[in-house]
Amino acid sequence: MTRVAMMVNGREVSGEVEGRTLLVDFLRQQLGLTGTHVGCDTSQCGACTVHVGGVPVKSCAMFALEAEGAEVRTIEGMAAPDGTLSVIQRAFQEHHGLQCGYCTPGMVMSAAGLLQVNPDPSEHEVRVWLEGNICRCTGYHNIVRAILAAAAELRGDAAAAA
Amino acid sequence: MYDFEFARPATVDEAVALLADEDAQALGGGQTFIPTLKQRLAAPSRLVSLSGIAALRFVRMEGDLLCIGGGTTHATVAREAAARFPALAALAAHIGDPAVRNRGSIGGSLANNDPSACYPAAALGTGATIVTDRNTHAADDYFQGMFTTALEPGEIVTEVRFALPEAASYQKFVQPASRFALVGVFVARMAEGVRVAVTGAAEDGVFRWTEAEAALEDDFAPGVLEALSLPAEGMIGDMHGSSEYRAHLVGVMTRRAVVAATASG
């Protein structure tokens with residue numbers, strides 16, 4: 001076992017892991033951050049998407065020891081400490097961007113990654129970006145709507161605020 | 001997956017020393033290799049992660065060459081090569097999905113030489129030079145068949161050097177489940193001549209379509225390819241497409257690449 005330390009949602013954390021321990025298993029099993037989901041475990045579905053060093057990655061396709069010293073953000077780090085949802089999370093709620101909710105943590109983290117690099121995406125750009133996030137309930141339509149609405153709100157568009 | 005000793009050196013020299021062990025294996029971005037480990041298709045005793053080596057991550061011009069560090073992610077290439085080599089940036093921007101592109105690296109892709117990967121087409125299609133900790137390989141000698149390269153065990157791709165084409169395009173027919181190339185063709189008009197490299201199609205991996213190169217050398221226009229075709233023999237045939245289908249697609253994607261390269265050049 002090897003000691004690993006990283007910053008998760010602004011908090012310094014550490015634990016003992018095996019070489020083969022995946023980042024997602026460290027987050028879920030050792031830190032109890034079970035908001036990050038394991039969907040396929042074959043890096044296809046994106047349910048395990050978290051941010052490492054500020055960009056979205058699939059935490060089932062990365063070892064915990066590769067995140068040594070890194071800044072990690074999970075779905076638990078998206079809402080404010082008092083539980084107030086982030087703009088993207090609220091947009092998913094308002095636009096019915098989830099049904100069973102299994103893919104949603106990954107969708108939200110992926111969407112947050114998109115809006116960091118492209119604050120004003122077209123619908124097509126949102127759909128292309130979500131290639132690595134699979135949802136088997138919604139048909140994606142409301143997810144796309146939610147992300148476009150969140151983007152507009154974050155840009156401060158008057159139409160979105162109305 | 002089976003457990004292993006995990007090492008994350010900070011320099012290439014340390015990595016090479018750690019890889020001297022017979023059962024040691026290098027880990028690039030892990031987007032292919034970690035799924036491989038999960039399937040127990042590989043069982044290294046020691047995994048040497050290259051992700052801690054900052055010196056392997058760069059995109060810069062050296063003279064007329066675009067030089068990219070072996071550990072540079074696809075996302076970084078997509079961003080930082082866009083001005084100098086838009087066809088390469090576009091190729092990088094369509095590998096896998098955004099999260100995969102934040103981990104997967106150019107060196108890892110070239111070391112693995114998946115027969116359906118995109119980067120081998122760019123390297124062979126421009127006659128790139130693959131630099132390692134101990135050698136430099138011309139792309140024409142580097143790719144030696146499916147998942148096979150000129151690399152020795154433990155040899156690390158540290159840098160890839162691209163001469164910039166006068167005009168180029170990579171056209172990929174996406175296999176939608178994996179987002180690998182069902183067929184991908186890189187066409188480049190280089191100072192020394194036209195090169196056409198095909199990935200995804202052949203059982204032996206990436207290859208140059210020399211008949212198309214000769215035809216395009218005389219006239220860089222899609223029409224000159226109409227009379228050419230490739231035999232189905234040696235092409236990959238699977239549930240996604242027969243070998244005849246892939247042979248046909250090579251012609252289609254090559255013509256599209258010539259059209260797109262002409263528009264961009």
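This is a predicted model: local features need pLDDT of at least 70, side-chain atom pairs count only at pLDDT 80 or more; totals for chains, interfaces and linings use all residues.
**Where chain B meets chain A**

Let me begin with the contact between the two chains, which takes 26 residues from chain B and 21 residues from chain A, where contact means heavy atoms within 4.5 Å. Residues are numbered from 1 along each chain as its sequence is written, chains are lettered from A and ligands numbered from 1 in the order in which they are written, and side-chain values use heavy atoms, with hydrogens and water left out.

The size of an interface is often given as the accessible area lost when the parts come together. Here chain B and chain A bury about 2000 Å² between them, with 57% of it on carbon and sulfur atoms; buried area is the accessible area, taken with a 1.4 Å probe, that two parts lose on being put together, summed over both. On the side of chain B, the residues that lose the most area to chain A are B:Phe6, B:Lys38 and B:Arg103, together 25% of what that side buries.

What does B:Arg103 form with A:Glu66? The two residues form a salt bridge, their closest N and O atoms being 2.9 Å apart, and the rule finds 3 salt bridges across this interface, a salt bridge being a side-chain nitrogen of Lys or Arg within 4 Å of a carboxyl oxygen of Asp or Glu. As for the elements that give two or more residues to the side of chain B that touches chain A, they are α2 (33–38), β3 (46–49) and α5 (98–101) of chain B, where helices (H or I, at least four residues) and strands (E, at least two) are DSSP runs, numbered from the N terminus. The largest share, 4 residues, comes from α2(B).

The structure holds 1 cavity of 30 Å³ or more; on a 1 Å grid over the protein atoms alone, a cavity is a set of points where a 1.4 Å probe fits but cannot get out, and lining residues have an atom within 4 Å of a point. About 30 Å³ of space lies in the largest cavity, a volume being the space filled by probe spheres set on the grid points, which are joined across faces, edges and corners. The residues that line the largest cavity include A:Trp129 and A:Asn133 from chain A, and B:Asp97, B:Pro98 and B:Ala99 from chain B.

Over all chains, the structure holds 21 salt bridges.

Key:
On a 1 Å grid over the protein atoms alone, a cavity is a set of points where a 1.4 Å probe fits but cannot get out, and a pocket is an open set with protein on both sides within 12 Å along at least five of seven lines; lining residues have an atom within 4 Å of a point.
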